[in-house]
Amino acid sequence: MKIYILENEPENYRWLEYIGNWFDFFHGLNLIAKPLGTCEHVIRCKPIRDKKERVLGDYPVFSVPAISQRAKDVLEPYFGDYVEIFPLETGKLGKYYFMHIINALDCLDEAKSDIVYFSDHSGILKIKKTVFNSHLNDENSKIFVLKQDIGGNIYVNEQTKQLIEQSELEGFVFIELSELE
């Protein structure tokens, strides 16, 4: 099984930035891998990197995962209960959404991975080499975050990558991590 880090393509697409107080934004959304159910906050954003030849695409660079209506139509039924999707207020830019990933897996083999921890060992600062344990399967690896590193990378499997590519969604980048037996 191939696993990829899911990233944005920042060079050819416009970015979004949040309008308002960042503390309220993060505090209000409480970015943890647990269902929010509802999002009481209006998440307003605007584009940056405003060159005419650049478009927002389907996965613009933003501080949290943001997707277009087109991407939502493809991904929401596929991901099912692994994500929650909330609207972003983007004005005339079209419909965009914040994707809250709630599928946090305990699948990092910390003994075999190369990990840099915070000096007080309160969490992971950086993962230099990722090695997964046997907790991954085709279903639960559609999209996930690491339980040990919530707020870090977003991971997807080969089937997710193929779905996004076959749907011709723009702005998604896949960095291959490993191939699992």
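Reply: Start with Ile 43, which is buried, with a relative accessible area of 2%. The cut-off for that word is under 20%, so Ile 43 counts as buried. The model is a predicted one. Ile 43 sits in the loop between α1 (22-29) and β3 (45-48).

Now look across from Ile 43 to Pro 87. In sequence, 44 residues separate Ile 43 and Pro 87. In space, their C-alpha atoms are 7.5 Å apart.

β5 is mostly covered. Of its six residues, five are buried.

Next, see what β5 belongs to. Three strands form an open sheet, in the order β4-β6-β5. The pairing in this sheet is antiparallel. From one strand to the next, the twist averages 35°.

In general, the strands of a sheet pair through backbone hydrogen bonds, and they do so either parallel or antiparallel. Here, β5 and β6 run antiparallel, with six bridges between them. β6 spans residues 96-101. Glu 84 has His 100 in β6 as its bridge partner. Ile 85 has Met 99 in β6 as its bridge partner. As a rule, side chains in a regular strand alternate between the two faces of the sheet.

A helix packs on this sheet. The helix is α2, residues 69-79, and it touches β4, β5 and β6. The direction of α2 makes about 110° with that of β4.

Which residues of α2 are buried? They are Ala 71, Lys 72, Leu 75 and Phe 79. These four cover an arc of only 95° around the axis, so they lie on the same side of α2. After α2 comes Gly 80, with a positive phi near 55°.

Compare that with another helix, α3, at residues 158-166. Its buried residues are Thr 160, Lys 161 and Ile 164. They cover an arc of only 100° around the axis, which puts them on the same side of α3.

Both ends of α3 deserve a glance. Glu 168 follows α3, and its phi is positive, near 55°.

Another loop residue is worth a visit. Thr 130 lies between β9 (124-129) and β10 (143-146), in the loop that joins them. Is Thr 130 buried or exposed? Thr 130 is buried, with a relative accessible area of 11%. Beyond its neighbours within four places in sequence, Thr 130 is in contact with Leu 108, Ser 113, Tyr 155 and Leu 177.

Finally, step back to the whole chain. The protein chain has three helices and twelve strands. It has 181 residues, and 45% of them are buried. Take the contacts between residues at least 6 apart in sequence: 70% of them join residues at least 24 apart. The pair of Ile 43 and Pro 87, 44 residues apart in sequence, is one to keep in mind here. The accessible surface of the protein chain comes to about 10000 Å². Carbon and sulfur atoms account for 48% of that surface.

Note on methods: Residues numbered from 1 in each chain as written. Predicted model: local features only at pLDDT ≥ 70, side-chain atom pairs only at ≥ 80, totals over all residues. Heavy atoms only, no water. Pairing = 2+ DSSP bridges. Helix = DSSP H or I, 4+ residues; strand = E, 2+ residues; numbered from the N terminus. Axes fitted to C-alpha atoms, helices over the stretch in contact; angles between N-to-C directions. Contact = heavy atoms within 4.5 Å. Buried < 20%, exposed > 50% of the residue type's maximum accessible area, 1.4 Å probe, protein only. Areas by Shrake-Rupley, 256 points an atom, 1.4 Å probe, with all protein chains shown as cover. Arc of directions from axis to C-beta.
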